[in-house]
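Good morning, colleagues. I would like to take a few minutes to go through one structure with you, element by element.

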Amino acid sequence: VTQNETDRMIRMIQDLLHLSRIDAGKSELDVELVDITELLDHVLNRFDMLIHSTEYEDKKYNIERHLLDRPAFVEIDTDRMIQVLDNIMNNALKYSPDGGTITGRMRQTEKAVIISIKDEGMGIPKNDLVKIFSRFYRVDRARSRAMGGSGLGLAISKEVVEQHGGRIWAESVEGKGTTFNLSLPYVPFEEDEWS
Ligand code: ATP
Ligand code: MG
(Lines give C-alpha, C1' and ligand atoms only; values in the text may rest on other atoms or scores of the structure.)
(Ligands and ions follow the chains in the order given, each with its own letter.)
Protein backbone atom coordinates (compact mmCIF):
# COMPACT_ATOMS: atom_id res chain seq x y z
CA VAL A 1 0.00 0.00 0.00
CA THR A 2 2.81 2.39 0.91
CA GLN A 3 4.55 1.66 -2.37
CA ASN A 4 1.38 2.30 -4.36
CA GLU A 5 0.55 5.49 -2.53
CA THR A 6 4.12 6.75 -2.98
CA ASP A 7 3.97 6.01 -6.72
CA ARG A 8 0.66 7.81 -6.95
CA MET A 9 2.08 10.81 -5.13
CA ILE A 10 5.14 10.91 -7.39
CA ARG A 11 2.92 10.78 -10.47
CA MET A 12 0.79 13.60 -9.14
CA ILE A 13 3.80 15.78 -8.39
CA GLN A 14 5.19 15.13 -11.88
CA ASP A 15 1.83 16.07 -13.39
CA LEU A 16 1.66 19.28 -11.34
CA LEU A 17 5.20 20.23 -12.30
CA HIS A 18 4.42 19.59 -15.95
CA LEU A 19 1.32 21.82 -15.76
CA SER A 20 3.18 24.62 -14.05
CA ARG A 21 5.92 24.48 -16.68
CA ILE A 22 3.23 24.76 -19.37
CA ASP A 23 1.64 27.70 -17.49
CA ALA A 24 5.00 29.43 -17.28
CA GLY A 25 5.55 28.90 -21.01
CA LYS A 26 8.57 26.77 -20.19
CA SER A 27 7.37 23.51 -21.65
CA GLU A 28 8.81 23.43 -25.13
CA LEU A 29 7.96 20.69 -27.56
CA ASP A 30 10.70 18.68 -29.12
CA VAL A 31 8.97 18.04 -32.44
CA GLU A 32 9.88 15.72 -35.25
CA LEU A 33 8.03 14.38 -38.27
CA VAL A 34 6.44 11.12 -37.13
CA ASP A 35 4.28 8.49 -38.79
CA ILE A 36 1.28 8.60 -36.46
CA THR A 37 -0.18 5.40 -37.93
CA GLU A 38 2.87 3.51 -36.71
CA LEU A 39 2.95 5.32 -33.37
CA LEU A 40 -0.70 4.54 -32.61
CA ASP A 41 -0.22 0.92 -33.68
CA HIS A 42 2.74 0.73 -31.33
CA VAL A 43 0.79 2.17 -28.37
CA LEU A 44 -2.15 -0.20 -29.01
CA ASN A 45 0.27 -3.15 -29.18
CA ARG A 46 1.63 -2.22 -25.78
CA PHE A 47 -1.87 -2.09 -24.28
CA ASP A 48 -2.72 -5.35 -26.03
CA MET A 49 0.18 -6.94 -24.16
CA LEU A 50 -0.99 -5.33 -20.93
CA ILE A 51 -4.55 -6.68 -21.15
CA HIS A 52 -3.17 -10.16 -21.72
CA SER A 53 -0.86 -9.94 -18.71
CA THR A 54 -1.72 -11.81 -15.51
CA GLU A 55 -2.80 -8.56 -13.84
CA TYR A 56 -5.55 -7.95 -16.42
CA GLU A 57 -6.35 -11.28 -18.07
CA ASP A 58 -9.48 -12.02 -16.02
CA LYS A 59 -11.01 -8.71 -17.13
CA LYS A 60 -11.25 -10.15 -20.65
CA TYR A 61 -10.78 -6.80 -22.36
CA ASN A 62 -10.40 -6.64 -26.14
CA ILE A 63 -8.62 -4.11 -28.26
CA GLU A 64 -9.73 -3.56 -31.84
CA ARG A 65 -8.10 -1.32 -34.36
CA HIS A 66 -9.11 0.35 -37.58
CA LEU A 67 -6.05 2.30 -38.54
CA LEU A 68 -5.05 3.86 -41.83
CA ASP A 69 -3.31 1.37 -44.10
CA ARG A 70 -0.59 3.90 -44.88
CA PRO A 71 1.73 6.25 -43.05
CA ALA A 72 0.40 9.66 -41.99
CA PHE A 73 2.96 12.22 -40.99
CA VAL A 74 2.44 14.72 -38.22
CA GLU A 75 4.87 17.02 -36.46
CA ILE A 76 4.82 15.97 -32.85
CA ASP A 77 6.81 15.61 -29.68
CA THR A 78 6.75 11.81 -29.57
CA ASP A 79 7.12 11.40 -25.80
CA ARG A 80 4.40 13.92 -25.04
CA MET A 81 1.99 12.44 -27.58
CA ILE A 82 2.58 8.97 -26.17
CA GLN A 83 1.74 10.40 -22.75
CA VAL A 84 -1.59 11.71 -24.13
CA LEU A 85 -2.47 8.41 -25.80
CA ASP A 86 -1.45 6.47 -22.68
CA ASN A 87 -3.74 8.56 -20.50
CA ILE A 88 -6.71 8.09 -22.82
CA MET A 89 -6.05 4.36 -23.05
CA ASN A 90 -5.57 4.03 -19.29
CA ASN A 91 -8.86 5.83 -18.72
CA ALA A 92 -10.58 3.57 -21.27
CA LEU A 93 -9.35 0.49 -19.42
CA LYS A 94 -10.14 1.95 -16.01
CA TYR A 95 -13.77 2.64 -16.93
CA SER A 96 -14.41 -0.45 -19.08
CA PRO A 97 -16.66 -3.24 -17.86
CA ASP A 98 -15.22 -6.77 -17.87
CA GLY A 99 -15.23 -8.13 -21.41
CA GLY A 100 -15.31 -4.59 -22.82
CA THR A 101 -13.85 -3.73 -26.20
CA ILE A 102 -11.67 -0.69 -26.75
CA THR A 103 -11.50 0.43 -30.35
CA GLY A 104 -8.77 2.59 -31.80
CA ARG A 105 -9.59 4.33 -35.06
CA MET A 106 -7.88 6.75 -37.36
CA ARG A 107 -9.00 8.82 -40.26
CA GLN A 108 -7.57 11.57 -42.30
CA THR A 109 -9.03 14.76 -43.69
CA GLU A 110 -7.28 17.24 -45.92
CA LYS A 111 -5.79 19.09 -42.99
CA ALA A 112 -5.84 16.77 -40.03
CA VAL A 113 -5.38 13.27 -38.77
CA ILE A 114 -8.12 12.28 -36.34
CA ILE A 115 -7.56 9.53 -33.81
CA SER A 116 -10.39 8.16 -31.74
CA ILE A 117 -10.41 5.76 -28.82
CA LYS A 118 -13.78 4.29 -27.98
CA ASP A 119 -14.73 2.27 -24.92
CA GLU A 120 -17.89 0.50 -23.75
CA GLY A 121 -17.77 1.87 -20.22
CA MET A 122 -20.26 3.72 -18.05
CA GLY A 123 -19.97 6.86 -20.14
CA ILE A 124 -19.85 10.51 -19.10
CA PRO A 125 -22.89 12.74 -18.51
CA LYS A 126 -23.36 15.42 -21.18
CA ASN A 127 -22.78 18.21 -18.64
CA ASP A 128 -19.36 16.86 -17.77
CA LEU A 129 -18.02 16.29 -21.28
CA VAL A 130 -16.19 19.62 -21.33
CA LYS A 131 -15.43 19.82 -17.60
CA ILE A 132 -13.39 16.59 -17.55
CA PHE A 133 -10.59 18.52 -19.26
CA SER A 134 -10.31 20.88 -16.26
CA ARG A 135 -7.66 20.30 -13.66
CA PHE A 136 -8.70 17.98 -10.83
CA TYR A 137 -12.19 17.55 -12.27
CA ARG A 138 -13.55 14.06 -11.88
CA VAL A 139 -17.06 12.84 -12.57
CA ASP A 140 -18.71 11.41 -9.46
CA ARG A 141 -16.12 11.66 -6.73
CA ALA A 142 -17.01 8.41 -5.00
CA ARG A 143 -16.62 6.36 -8.15
CA SER A 144 -13.43 8.20 -9.10
CA ARG A 145 -11.81 7.71 -5.72
CA ALA A 146 -12.24 3.96 -6.01
CA MET A 147 -10.52 4.13 -9.40
CA GLY A 148 -7.46 6.04 -8.21
CA GLY A 149 -5.85 8.93 -10.07
CA SER A 150 -5.97 12.64 -9.46
CA GLY A 151 -7.96 14.17 -12.31
CA LEU A 152 -4.97 15.77 -14.04
CA GLY A 153 -4.51 13.37 -16.96
CA LEU A 154 -6.98 14.95 -19.36
CA ALA A 155 -6.05 18.52 -18.34
CA ILE A 156 -2.45 17.77 -19.33
CA SER A 157 -3.57 15.96 -22.48
CA LYS A 158 -5.56 19.01 -23.55
CA GLU A 159 -2.62 21.37 -22.96
CA VAL A 160 -0.25 19.10 -24.87
CA VAL A 161 -2.61 18.60 -27.81
CA GLU A 162 -3.24 22.36 -28.04
CA GLN A 163 0.50 23.02 -27.93
CA HIS A 164 0.61 20.90 -31.09
CA GLY A 165 -2.11 23.02 -32.72
CA GLY A 166 -4.57 20.16 -32.32
CA ARG A 167 -7.85 19.58 -30.56
CA ILE A 168 -9.22 17.00 -28.13
CA TRP A 169 -12.86 16.33 -27.30
CA ALA A 170 -15.09 13.62 -25.90
CA GLU A 171 -18.43 12.17 -26.97
CA SER A 172 -20.45 9.80 -24.87
CA VAL A 173 -23.71 7.98 -24.46
CA GLU A 174 -24.25 7.30 -20.76
CA GLY A 175 -24.25 3.61 -20.00
CA LYS A 176 -22.95 2.80 -23.49
CA GLY A 177 -19.46 4.22 -23.62
CA THR A 178 -17.20 7.11 -24.42
CA THR A 179 -15.12 8.15 -27.40
CA PHE A 180 -12.12 10.44 -27.08
CA ASN A 181 -11.12 12.20 -30.28
CA LEU A 182 -7.86 13.87 -31.01
CA SER A 183 -7.12 15.83 -34.15
CA LEU A 184 -3.61 16.81 -35.20
CA PRO A 185 -2.55 19.01 -38.08
CA TYR A 186 -1.51 16.80 -40.96
CA VAL A 187 1.63 17.45 -42.97
CA PRO A 188 0.88 16.42 -46.57
CA PHE A 189 3.66 14.24 -47.84
CA GLU A 190 4.40 15.04 -51.47
CA GLU A 191 5.69 11.87 -53.04
CA ASP A 192 7.06 13.73 -56.03
CA GLU A 193 8.60 16.48 -53.94
CA TRP A 194 12.12 15.47 -54.88
CA SER A 195 11.58 14.49 -58.48
P1 ATP B 1 -5.31 10.79 -13.59
O2 ATP B 1 -5.41 10.68 -15.10
O3 ATP B 1 -4.76 12.09 -13.14
O4 ATP B 1 -4.65 9.60 -13.00
P5 ATP B 1 -8.14 10.56 -13.76
O6 ATP B 1 -8.01 9.45 -14.74
O7 ATP B 1 -9.27 10.52 -12.79
O8 ATP B 1 -6.79 10.76 -12.98
P9 ATP B 1 -8.49 12.29 -16.06
O10 ATP B 1 -7.78 11.34 -16.92
O11 ATP B 1 -8.21 13.75 -16.20
O12 ATP B 1 -8.26 11.97 -14.51
O13 ATP B 1 -10.06 12.09 -16.24
C14 ATP B 1 -10.97 12.97 -15.56
C15 ATP B 1 -12.28 12.28 -15.26
O16 ATP B 1 -12.99 12.04 -16.47
C17 ATP B 1 -12.14 10.90 -14.61
O18 ATP B 1 -12.00 11.01 -13.23
C19 ATP B 1 -13.48 10.27 -14.98
O20 ATP B 1 -14.48 10.72 -14.09
C21 ATP B 1 -13.76 10.85 -16.36
N22 ATP B 1 -13.34 9.93 -17.45
C23 ATP B 1 -12.20 10.01 -18.17
N24 ATP B 1 -12.15 9.05 -19.10
C25 ATP B 1 -13.29 8.34 -18.99
C26 ATP B 1 -13.83 7.22 -19.70
N27 ATP B 1 -13.18 6.62 -20.70
N28 ATP B 1 -15.07 6.75 -19.29
C29 ATP B 1 -15.72 7.36 -18.27
N30 ATP B 1 -15.27 8.42 -17.58
C31 ATP B 1 -14.07 8.91 -17.93
MG1 MG C 1 -6.59 9.52 -16.40
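I shall speak about the metal site, the helix packing, the aromatic pairs and a few individual residues.

First, the conventions. This is a predicted model, in which local features need pLDDT of at least 70 and side-chain atom pairs count only at pLDDT 80 or more, while totals for chains, interfaces and linings use all residues. Residues are numbered from 1 along each chain as its sequence is written, chains are lettered from A and ligands numbered from 1 in the order in which they are written, and side-chain values use heavy atoms, with hydrogens and water left out.

Let me begin with the metal. The magnesium ion, ligand 2, is coordinated by OD1 of Asn87 and OD1 of Asn91, at 2.2 to 2.5 Å. Donors here are N, O and S atoms within 2.8 Å of the metal, or 3.2 Å for Na, K and Ca; water is not among the atoms, so sites may look incomplete. Why are asparagine 87 and asparagine 91 separated by about one helical turn? They are 4 residues apart in helix H3, residues 78-94. Helices, by the convention used, are DSSP runs of H or I with at least four residues, strands are runs of E with at least two, and both are numbered from the N terminus. Asparagine 87 is buried at 16% relative accessibility, and asparagine 91 is buried at 14%. Buried means under 20% relative accessible area, exposed over 50%, and partly exposed in between, with a 1.4 Å probe and protein chains only.

Both asparagines also belong to a helix contact. In H3, Arg80, Gln83, Val84, Asn87 and Asn91 meet Gly153, Leu154, Ile156, Ser157, Val160 and Val161 in H5, where contact means heavy atoms within 4.5 Å. By class, this contact of H3 with H5 has 5 nonpolar, 5 polar and 1 charged residues. For these classes, Ala, Val, Leu, Ile, Met, Phe, Trp, Tyr, Cys and Pro count as nonpolar, Asp, Glu, Lys and Arg as charged, and the others, Gly among them, as polar. H3 and helix H5, residues 153-163, pack at about 145°, with their axes 9 Å apart. The axes are lines fitted to C-alpha atoms, for helices over the stretch in contact, and angles run from 0 to 180 degrees between N-to-C directions. The crossing of H3 and H5 is left-handed; that is, the near helix is turned anticlockwise from the far one by less than a right angle, whereas clockwise would be right-handed.

H5 packs against H1 as well, at an angle of about 35° and with the axes 10 Å apart. From H1 come Asp15, His18, Leu19 and Ile22, and from H5 come Ile156, Glu159, Val160 and Gln163. This contact of H1 with H5 has 4 nonpolar, 2 polar and 2 charged residues.

Which residues does isoleucine 156 touch, leaving aside its neighbours within four places in sequence? They are Asp15, His18, Leu19 and Gln83. Isoleucine 156 is buried, at 4% relative accessibility.

I turn to the aromatic residues. The structure holds 2 aromatic pairs. Rings of Phe, Tyr and Trp (its six-membered ring) pair if their centres lie within 6.5 Å; planes under 30 degrees apart count as stacked, over 60 as edge-to-face and the rest as tilted. Tyrosine 56 and tyrosine 61 form a tilted pair, with 6.4 Å between centres and 45° between planes. Phenylalanine 133 and phenylalanine 180 form an edge-to-face pair, at 6.2 Å and 75°. Phenylalanine 133 lies in the loop between strand E5 (112-118) and helix H4 (141-147), and phenylalanine 180 in strand E7 (residues 177-185), so the pair ties together parts that are 47 residues apart in sequence. Phenylalanine 133 and phenylalanine 180 are both buried.

Finally, some loop residues. Lysine 60, in the loop between helix H2 (36-51) and strand E2 (62-66), has a positive phi near 55° without being a glycine. Lysine 60 is exposed, at 59% relative accessible area. Phenylalanine 136, in the loop between E5 and H4, is likewise not a glycine and has a positive phi of about 70°. Phenylalanine 136 is partly exposed, at 44%. Serine 150, in the loop between H4 and H5, is in contact with Met12, Phe136 and Arg138, leaving aside its neighbours within four places in sequence.
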